[in-house]
Amino acid sequence: MAALSGESDGENYFIREIERNDGCCLHMKQYSKGDVGCVVWDAAIVLCKYLETKQFYDPPNGINKWANKTILELGAGTGVVGLMAATLGAYVTVTDLEDLQRLIHINIRDNIALISNGSVTAKVLKWGEDVNEFLPPPDYILMADCIYYEQSLEPLVKTLRDLAGPDTCVICCYEQRTMGNNPEVEKQFFQLLLQHFRPEKIPLERQDPEYSSPDIHILHLYPLA
């Protein structure tokens, strides 16, 4: 995963390369300056590689659980997780705030050649607001490192509730942080979330053996009846 520096349209950026199992690489632009949505975080890479594990994606044995599935990514940032899913054959909508759309669109443009059977579209979605344009419920909702700000917790959980149908699986990947108020924010998030979803923690042995870490957690979340 090389990081290369450069300039695009007068802006400083780094390129992060995320290699797929078949040797192809996603080339993700990330800004050298900016807030949380402007870089490829470790949890996003862990989730990308989890999507490629053989339980989901093993073409030599005829396994591709992403083919023709509808996926919505929340807090997409650079768009890397959604782009990975699209390259595996899913129909993906990546969402984030308005001010991050430009970076997402650049990364879609730069990686579109890797998408053959799937698709990817970028849209604005502010947590807590109306989600009707994103319905019917997707097969999967993906989110990587979306647990940051206390004020965003209730809107995020509301959006998950509004989007998820009875058969939707939410895959949440997050890095457990111990600095500042991060532990309290994480605690509050799960207190809210577990009122509406049943969690299944994915053990390290079911994750990518190289791209995994004890402090980065993957959960499958299923709506409570």
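**Aromatic rings in the predicted model**

Y50, F56, W66 and Y140 are linked into a cluster by ring pairs. The structure is a predicted model, in which local features need pLDDT of at least 70, side-chain atom pairs count only at pLDDT 80 or more, and totals for chains, interfaces and linings use all residues. Residues are numbered from 1 along each chain as its sequence is written, and side-chain values use heavy atoms, with hydrogens and water left out.

A pair of aromatic rings is described by the distance of the centres and the angle of the planes. Here, rings of Phe, Tyr and Trp (its six-membered ring) pair if their centres lie within 6.5 Å; planes under 30 degrees apart count as stacked, over 60 as edge-to-face and the rest as tilted. This rule gives 5 aromatic pairs. In one of them, the planes of Y50 and F56 stand at 85° with the ring centres 5.1 Å apart, so the pair is edge-to-face. Y50 is buried, at 0% relative accessibility, and F56 is buried at 6% (buried means under 20% relative accessible area, exposed over 50%, partly exposed in between, with a 1.4 Å probe and protein chains only).

Y174 and F190 form a tilted pair, 5.4 Å centre to centre with 50° between the planes. Because Y174 lies in strand β10 (residues 169-175) and F190 in helix α5 (residues 182-193), the pair ties together parts that are 16 residues apart in sequence. Helices (H or I, at least four residues) and strands (E, at least two) are DSSP runs, numbered from the N terminus. Y174 is buried at 9% relative accessibility, and F190 is buried at 14%.
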